Amino acid sequence: MSALDPREELAKRLGLLHVPPVRFDSPHEIQKLLAENDYLSDEAIASVTFLADRLAKPVLVEGPAGTGKTALAQAVADSIGARLIRLQCYEGLDESKALYEWNYRKQLLRIQAGRPEGSAEEWAHLEEDIFAEEFLLTRPLLEAITATDPVVLLIDEVDRVELETEALLLEILSEYQVSIPELGTVRAKQIPMVFLTSNNTRELSEALKRRCLYLYVGYPTIERERDIILARVPGISAVLAEQIAQVVRSLRTLDLKKAPSVSETLDWARTLVVLGREEIGEQDAADTLHILLKYQSDIERATKELLGRSKPVA
Amino acid sequence: MSEHVDAARAVQVIDLSDRALVKSSLAATLVKDGDHLPVFSTAFEVFFANRAFDSVADLMDGVEAQSPEGATGASGPGQAPGEGGGASSSMSAAELADLLFRALREGNRDDLRRAAAEAVTRYAGVEPGRPVGGTYYLYRTLRNLELDALERRLSEASLADQNTSDALAERLSRDEAHARIEQLKSEIEREIRERLVEDRGAEALAKSVRRPLPEDIDVMHANRDEMAQLERALRPLSRKLAVRLARRRRRRRRGPVDLRHTVRRSLSTGGVPIDLRFKPPRPAKPEIIVIADISGSVASFARFTLHLVHAISSQFSKVRSFVFVDGLDEVSQLFEGVDDPAEAVARINAEADVIAFDGHSDYGRAFLTFHERFADQLTKRSTILILGDARNNYHQAHVEVIADLKYRSKAVYWLNPEPTSYWNSGDSIVSQYAPYCERVVECRTLRQLEAFVGELA
């Protein structure tokens, strides 16, 4: 192959001594590993994760809330025995919370401790000293870069930060490095796996999208949902799991304000198991619908459509 | 460009014989928006149709001259329906229906695929070189299969299996039957597409199946399918717009510098204004008045705009809507206390009293009526949106009314769903109204509409 392998290329740029070994042999292996960690993936999820490893690129995971985007990062971390470093995004997130911050209290202490001498060269020495890594508070992004043990970086709900803050992430996503003005550039000591999740409340910038592989995680197919229920809810019968998956699929075809997510489905399944049900009857469904649906108008509509009743049971 | 490089790198590291893997890898590197995935999927099916395996297999035979079993194995699934073509003619309609029913009943994918292939061979009548679109064949096949009856039979059969018969079980088996029928439909569609690829080649077909993204569909000329797509796209669009606008408003939390307060503050620092004080922000929430033509041709455009404006009504201090054909009626009350603007929009046609005479748009009369009844309620904060193609059926224009509305309000915008090149042709009189409008905007697609409304708030 004439073109350089993307991993080798990146390793060279980062100045790593040797190219980090690939984590997965094939997408099928990923599916198997994730399944062992109770995460039921599908072909798209497995192949994108595989590519992320091989191409050393971050993955942007998009989809409705509660379809297992965050869980995917957790499961990947578990399956390769890595530590998960999580950056929860919110409006107003800034450099000092995402990247690094100078520990100025410690810097002050250092200055005070060295005061008596007070000559010019002392000061120069001191100045060099207080902007050392020792006085740096690492925040998630820097921590992921500087870690020497295997890590998976999760940047959760990236659509919540403002467009301007997004730019903070660009350097780390494409070059795996962070520039600190006083210190220089900190390069990654390894190539971490990076997942970004988004609920798509706003369009992310082209610059960010370009740097990532894209994975859309929608609601699972009925078969996969059933398998997820079976894997995640202990003691559930196959019949019940199948029925739950069916009911949820029907609910999702209704025009609801908020369609039930996978995590709500699991909550519902656990409830029914606790109640000792083997099958869902009409009454059970009516009594427990509020676990799946979070709006009164949704519950009313679902009761009417699915159970053929006009009035919801309080 | 960097996407192409990624895609090329991706296909270097994966197993190319795994079709699903190739598809998801290309999707991951080339598509960056969930809404675009269906379009990608169609394109992929066209360019990497299963049929193409035949020629690849031949190619491999020629170059490497090895493992003919392997090659035919790969082309097996693609060829099977073709070979079955001869046999199927002997199959009666009843037998085919039976095969279909069994395949659907058991939910077996391979059987379903075979049944779909049979159905296409039998009913679609695909003729090589015939210049008709895939939808024509699809329609012919589906009409002959009588899927509605099949769906009913299917749901009854599965209901009979369970010995309960409550409403929930009934609904579930109905949905299950529906899902399987949908699966069959997509199999048939795929089958037809593959045959067309075989006939005409991928390039030619890609041109004919190229479909615009939902937000780029021309609202005036959308067919029923596209309309449904638009309806679906509208809700997330309005939600996104609302979030974006709310965010923008929150970020401008500070008003201009309050000089008096700042000077007072600076006394404590010896007159140096270190601590700037700001006036509280005055959010300029405009009052929106929508006047929409809902006569035949532009009705759907008006509906979308009303929906969008009301969906983000929290961004405006007040939204009032009026609809007209040749009479005018206020419909704001339909939106009050309704969660879902789509519902209210659906009620407009039934409840609004908009036809005074012959049911042909009369802009002049509508504006006159509006002016008579509501002009005194306009303030300098009111922004008026007029929706329509300004095709006045040669009635009187009453331009002076718009001039007065402009004088009384903050601004008048005209949204025209026709392409700019059609303006002022025939009975369109946009240019007569234009001097009294802040701006006349061409608004043919959801994208344009979203951009305009976003600017407004």
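Trainee: Across which strands of chain B does helix H17 (residues 363–374) lie?

Mentor: Please note that this is a predicted model, in which local features need pLDDT of at least 70, side-chain atom pairs count only at pLDDT 80 or more, and totals for chains, interfaces and linings use all residues. Residues are numbered from 1 along each chain as its sequence is written, while chains are lettered from A and ligands numbered from 1 in the order in which they are written. Helix H17 of chain B lies across E1, E2 and E3 of chain B, and runs at about 45° to E3(B). Helices (H or I, at least four residues) and strands (E, at least two) are DSSP runs, numbered from the N terminus. Contact means that C-beta atoms, placed from the backbone, lie within 7 Å; angles run from 0 to 180 degrees between N-to-C directions, along axes fitted to C-alpha atoms, for helices over the stretch in contact.

Trainee: In what order do the strands of that sheet in chain B stand?

Mentor: Strands of a sheet pair through backbone hydrogen bonds, either parallel or antiparallel. Two strands pair if DSSP finds at least two bridges between them. In chain B, the order is E3-E2-E1-E4-E5-E6, an open sheet of six strands with mixed pairing. Strand E3 (328–330) and strand E6 (439–442) of chain B are at the edges with a single partner strand each, so one side of each has no neighbour in the sheet. From one strand to the next, the twist averages 20°. Within this chain, strand E1 (residues 287–293) and strand E2 (residues 318–324) pair in the parallel sense over seven bridges, and B:Lys318 in E2(B) is the bridge partner of B:Glu287.

Trainee: How is the packing of H17(B) against helix H18 (residues 399–408) of chain B to be described?

Mentor: Two packed helices are described by the angle between their axes and the distance between the axes. For H17(B) and H18(B), the angle is about 40° and the axes are 9 Å apart. H17(B) is therefore oblique to H18(B); angles under 35 degrees count as roughly parallel, over 145 as roughly antiparallel, 65 to 115 as roughly perpendicular and the rest as oblique. The crossing of these two helices is left-handed, meaning that the near helix is turned anticlockwise from the far one by less than a right angle, whereas clockwise is right-handed. In this contact, B:Phe367, B:Leu368 and B:His371 of H17(B) meet B:Val401, B:Ile402, B:Asp404 and B:Leu405 of H18(B). These residues divide into five nonpolar, one polar and one charged. Here Ala, Val, Leu, Ile, Met, Phe, Trp, Tyr, Cys and Pro count as nonpolar, Asp, Glu, Lys and Arg as charged, and the others, Gly among them, as polar.

Trainee: At what angle do helix H14 (residues 282–292) and helix H15 (residues 296–307) of chain A pack?

Mentor: Their angle is about 165°, with the axes 10 Å apart. H14(A) is therefore roughly antiparallel to H15(A). The crossing is right-handed. From H14(A), A:Glu282, A:Ala285, A:Ala286, A:Leu289 and A:His290 meet A:Ile299, A:Ala302, A:Thr303 and A:Leu307 of H15(A). By class, this contact has six nonpolar, two polar and one charged residues.

Trainee: Which strands stand at the edges of the five-stranded sheet of chain A?

Mentor: The sheet is open, with parallel pairing and the order E2-E5-E8-E1-E9. Strand E2 (83–88) and E9 of chain A are the edge strands, each pairing on one side only. Strand E1 (residues 59–62) and strand E8 (residues 193–198) of chain A run parallel and are joined by four bridges; A:Glu62 stands opposite A:Ser198 in E8(A). H3(A) packs on this sheet, touching E1, E8 and E9 of chain A, and its direction makes about 165° with that of E9(A). Helix H4 (residues 69–79) of chain A lies across E1, E2, strand E5 (151–156) and E8 of chain A, at about 170° to E5(A).

Trainee: How many residues does each chain give to the contact between chain A and chain B?

Mentor: Chain A gives 32 residues and chain B gives 27 residues. On the side of chain A, the largest share, seven residues, comes from H3(A). By class, that side has 14 nonpolar, ten polar and eight charged residues.

Technical notes: Contact = placed C-beta atoms within 7 Å.
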